[in-house]
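Reader: I am new to this structure. Could you take me through a few of the terms used for it?
Author: Gladly. Here it is.

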Amino acid sequence: MSITSDTVTEVFKGQIGRTYKDSTPWWPEVKGPKADSPNILVILFDDLGFGSLGCYGGDAETPNIDRLAQGGLRYNNFHTTALCSPTRASLLTGRDHHAVGMSIIANADSGFPSKRGAIRHNAGTLADMLAPEGYNSYAVGKWHLAPADQMSAVGPFDHWPLGRGFNKFYGFLEALTDQFRPSLVRDNQHIEPPRTPEEGYTLNEDLADNACKFLTDHASLAPNKPFFMYYALGAMHSPHQAPQDYLDKYKGRFDEGWDVARERRLARQIEMGIAPEGTKLVPRNEGVEPWDSLSDDQKRVYCKFEEAYAAFLDHSDTELGRVFDHLDKLGKLDNTIIFLMSDNGASQEGQIHGSTSTTFYENMDAESFDYNLERIDQIGTMYAKNNYPIGWAQVENTPLRRYKQNTHAGGVQDPLIVHWPRGLKETGIRNQFHHVMDIVPTILEVIDTEAPARIKGIPQMNIHGTSMKYSFDDAAAPTRKHAQIFEMFGHRAIWHDGWKAVAYHKRYSDYDEDQWELYHVAEDFSESTDLAQQEPERLNKLVELWWAEAGRYDVLPLDDRGFAERRAMSRPREESPRIQQEFVFYPGMTNIPGGASPFTMDRSYELAARVRVPEGGEGVIAACGGLCGGYTLYVKDGRIIHEYNYYQSMHRVEGDVPPGGAWIDILYKFDKTGIRQGKGTLFLNGQQAGEIALPETYRYFMDWEGFSLGRDAGSPVSPVYEGRQGFAFTGEIDRVRVTLGNDIAGPNDYESQD
């Protein structure tokens, strides 16, 4: 007999009579894991350069990771996609990132199949693939694979970790978060950090705590089941923040500058065997000045940025070490295969002078040197969201050319460590060419299974990667990869049989004017010698192969617009909050991530609140953004205040709290008077209380922190209430309404202004 539901047809092999006494029971066979199936731990760093780890020649102290490398394998010819979300998409699916819909970050849908900003459901994740094999799957840390406008408390949730096959999740959904005051999610629920930064909280420690908790529960309650843990740190993406004792540890360590640091780092890499004998340092990237040409103030500020980076990496290693020790304590380390890697090369997003605010880059702006000099003592702390200058980014990519976002080696060639005491017969260095899409087929071969043809009833696309398992026990084995294509923001590259053709694309220029370079990377590790003039026929064949592979993996159309433009100009889905004109928020509402918050940038809008303020009442009524930029409406010292934080320059308008304790109708109106400028007016009970001119406002972005009601949930938008931990409103909120105007600027307006 068959029993049919909406999803399953089960053939019952027992016998059903009138009662259980004359019936025969039967239970379907439950597939369990294969005997001795290894546990799987994939550790993904963010923006970690090829030469950052101690075991890859770096200057920061990473003893726990170095110990992992000493007992395992280090790959020096491993590649990623040049950007975070695309690498994560390839890592978790075993497929090309364009083919699964993730050409750049998950914050934009450009209207083309390869540019949806989400992984297609016909490209299941490794968690989906391992479930039928008896694995429990846990995700910890950064996700960044869900569309930004789907990250609020009402979802939809099908692109959150639990919607993509994981059983549990603890971490953050966006591209980055503050290390002291992060935007956290547990499973499908936004939550508050368990402690304050004043109480010693850091995200690194919190992620390690939760990873250990997941592992403890698993070992205690499902000791015979294997696990898959995907552990994606926020490090080493900006902001580079660390506890003060780690910052103090690295004071003065980099005073000799980036030129000396690169030379020493390459020497160590050659001595270790990470870089072959004869490897050359490529010239300084464009915009990187000789260290000796810098002023004393420049050297002082730039060194402070690199000290913060090293401190952050050291702290990350310490917390990872706790996880490794915990695995060992649980008796699981020996049969856990660990892959530790980065998602792309070191970041160029700190630009020439470094950055103390992520908001500048996201608006296609850059801080002046003097701006950073004023904030030098805040670098690395909770009071800045910093990223180092490109001179240090090139050091972290030693000995390679260019950075994250680029398809030269500095963007796509990254460290990979494999550790598996029970499964590896050898340790050492491996130089076979491989790509992040190869991790999934490697794991599937290790556990002796194949990717399922269907997941949740959906036919699956083929796996694109090539298993690396053959290299585990044979250092001399030739690579089994045939070719590998790269594309990011119009930058292009193709690797084939030890040769690489690569084109750096200048944004908004004609693609036909791109100059293709040619490197024999089998002999030229750092891409130091361009052979395009000597080998034009070989170059032409590789360029033709690029176009063929681009068609195969759905890469086209090429798009060289940046993050901010593609986020701002993408068309949201019909139910997206990004197309709403009016929002009404009620007290008790969960904080809204930035991508799902009312989009007030460069348009007229109204912020209206109906509140009651008791005698001596104070606190934040509504806030959006964080210390690097945003707006806040709050009550303090008998005044109702609206502040607009423009690159930490505060624009304030205020009025007296009306007496009597009755309901107060507050209205802040921003009337746009030109591109990125306007007038802010505050009304209290219909009467104008104040007015302020805003000569400049943000183009695309305020801060990665979103909208909160009744408190300022993340870092404070206003320094007035810094240290008040949210500065919760002590009065009563009836509701808050945000109404958006239709005068938002388009790309042509910006082009004419620029």
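Author: Start with pairing: two strands pair if DSSP finds at least two bridges between them. Keep in mind that this is a predicted model.

Reader: What makes β16 and β17 a pair?
Author: Strand β17 covers residues 491–496, and β16 joins it over 6 bridges. At least two are needed, so β16 and β17 pair, in the antiparallel sense. Ile485, for example, has Ile494 in β17 as its bridge partner.

Reader: Which strands form the open sheet, and in what order?
Author: The order is β16-β17-β18-β19, with antiparallel pairing.

Reader: Why are β16 and β19 called edge strands?
Author: β16 (483–488) and β19 (516–519) each pair on one side only. From one strand to the next, the twist averages 10°.

Reader: Which strands does helix α13 touch?
Author: Helix α13, residues 536–552, touches β16, β17, β18 (499–503) and β19. Touching here requires heavy atoms within 4.5 Å. The helix direction makes about 105° with that of β17.

Reader: What makes a set of residues a nonpolar core?
Author: Its members are buried residues of nonpolar kinds such as Ile, Phe and Trp, joined through side-chain atoms within 4.5 Å. The largest such core has 75 residues. Ile43, Phe45, Met229, Tyr231 and Trp392 touch the most other members. Helix α7 (residues 296–329) gives the largest share, 14 residues.

Reader: Which residues are in contact with Trp392?
Author: Leaving aside neighbours within four places in sequence, Trp392 has contacts including Phe254, Trp258, Trp291 and Tyr302.

Reader: How many residues does the second core have?
Author: That separate core has 52 residues, among them Val42, Ala99, Ile119 and Ala139.

Conventions. Residues numbered from 1 in each chain as written. Predicted model: local features only at pLDDT ≥ 70, side-chain atom pairs only at ≥ 80, totals over all residues. Heavy atoms only, no water. Helix = DSSP H or I, 4+ residues; strand = E, 2+ residues; numbered from the N terminus. Axes fitted to C-alpha atoms, helices over the stretch in contact; angles between N-to-C directions. Buried < 20%, exposed > 50% of the residue type's maximum accessible area, 1.4 Å probe, protein only.
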